[in-house]
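Hi there,

Here is the structure I promised to pass along.

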Amino acid sequence: MQQKKLTRRRSESLLTGSVIAAFITATPYFFYLYEGFPDIKIWETSFFGFDIRYESGFYQSVNVVGWMLFSKLIPFVLLLIWFFTCKHWWYHAILVPICMYIFQIYSLFSEDVYYKDSVEIYYLAPIVLVAFIFLYTIRMKIFDRIHNIDLSELERVTLKGEIKDEDEKSKKLYSDSHDDDDEEPLFMG
């Protein structure tokens with residue numbers, strides 16, 4: 001029974017990996033789909049029985065809008081694939097360029113009045129800040145675990161590197177939990 005589950009899981013993983021690899025390999029062809037859009041300002045077409053009308057404002061051509069869309073959509077999809085398949089601790093950093101492309105794609109269609117790629121930095125700043133704090137926290141915990149540093153040591157050392165005066169109970173707690181009784185400040189460099 002376990003062997004069948006393992007074989008089934010491997011075959012599903014192989015199928016998923018093959019589909020992802022085929023998609024990544026075909027992305028240059030997906031990028032050039034914009035060449036199928038006409039070089040006109042107003043495009044009226046029927047798509048699955050729905051009549052669609054698109055009028056290009058700033059770009060003056062549906063073909064240029066298609067080029068802009070696919071130049072942002074293809075890297076966005078590749079970053080999503082990378083984000084969901086990455087097994088490294090820093091994979092949350094990929095969220096920053098993903099958010100950047102989301103803003104760019106949104107701004108492409110929100111108001112096709114003027115080119116606004118330079119405005120998204122104001123929206124990305126909080127996302128970058130949160131991602132930076134989150135990644136630095138993870139990095140610090142990994143670093144501390146690798147080098148066997150006890151973060152509770154930071155509570156008993158002042159900014160000048162001196163050991164704080166505490167009540168006897170906490171001194172006893174610290175002295176019992178650590179074999180070294182060296183009075184040097186904690187160095188985290």
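**What turned up**

Over residues 89-109, the chain is 71% helix and 0% strand, with the end C-alpha atoms 34 Å apart. Please keep in mind that this is a predicted model. Residues 64-84 come out as 100% helix and 0% strand, and their end C-alpha atoms are 30 Å apart.

**Helix α1**

Helix α1 covers residues 2-31, which is 30 residues. From its first C-alpha to its last it reaches 43 Å, close to the 44 Å expected at 1.5 Å a residue. There is a bend of about 40 degrees in α1 at Thr 25, and a proline, Pro 28, follows within four residues.

**Aromatic pairs**

How many aromatic pairs does a search of the whole structure find? The search gives 10. In one of them, the ring centres of Phe 37 and Phe 70 are 6.1 Å apart and the planes sit at 20 degrees; stacked pairs have planes under 30 degrees apart, so this pair is stacked. The two partners come from distant parts of the chain, 33 residues apart: Phe 37 is in the loop between α1 and β1 (42-47), while Phe 70 is in helix α2 (residues 62-85). Phe 37 counts as partly exposed, at 22% relative accessibility, whereas Phe 70 is buried, with a relative accessible area of 11%.

Phe 83 and Phe 84 also pair up: their ring centres are 5.2 Å apart and their planes are at 75 degrees, so this pair is edge-to-face. Phe 83 is buried at a relative accessible area of 14%, but Phe 84 counts as exposed at 64% relative accessibility. Ring pairs also join Phe 31, Tyr 32 and Tyr 34 into a cluster.

**Around Ser 61**

Is Ser 61 buried or exposed? Its relative accessible area is 4%, and buried means under 20%, so Ser 61 is buried. Ser 61 lies in the loop between β2 (50-55) and α2. Its side chain makes a polar contact with the side chain of Asp 39, at 2.5 Å. Leaving aside neighbours within four places in sequence, Ser 61 is in contact with Pro 38, Asp 39, Ile 40 and Ser 56.

Best wishes

How values were computed
Residues are numbered from 1 along each chain as its sequence is written. This is a predicted model: local features need pLDDT of at least 70, side-chain atom pairs count only at pLDDT 80 or more; totals for chains, interfaces and linings use all residues. Side-chain values use heavy atoms; hydrogens and water are left out. Helices (H or I, at least four residues) and strands (E, at least two) are DSSP runs, numbered from the N terminus. The expected span of a helix is 1.5 Å times one less than its number of residues. The bend at a residue is the angle between axes fitted to the seven residues ending there and the seven starting there. Rings of Phe, Tyr and Trp (its six-membered ring) pair if their centres lie within 6.5 Å; planes under 30 degrees apart count as stacked, over 60 as edge-to-face and the rest as tilted. Buried means under 20% relative accessible area, exposed over 50%, partly exposed in between (1.4 Å probe, protein chains only). A polar contact is a pair of N or O atoms within 3.5 Å; within protein, one must be able to donate a hydrogen and the other to accept it, and residues adjacent in sequence count only if both atoms are side-chain atoms. Contact means heavy atoms within 4.5 Å.
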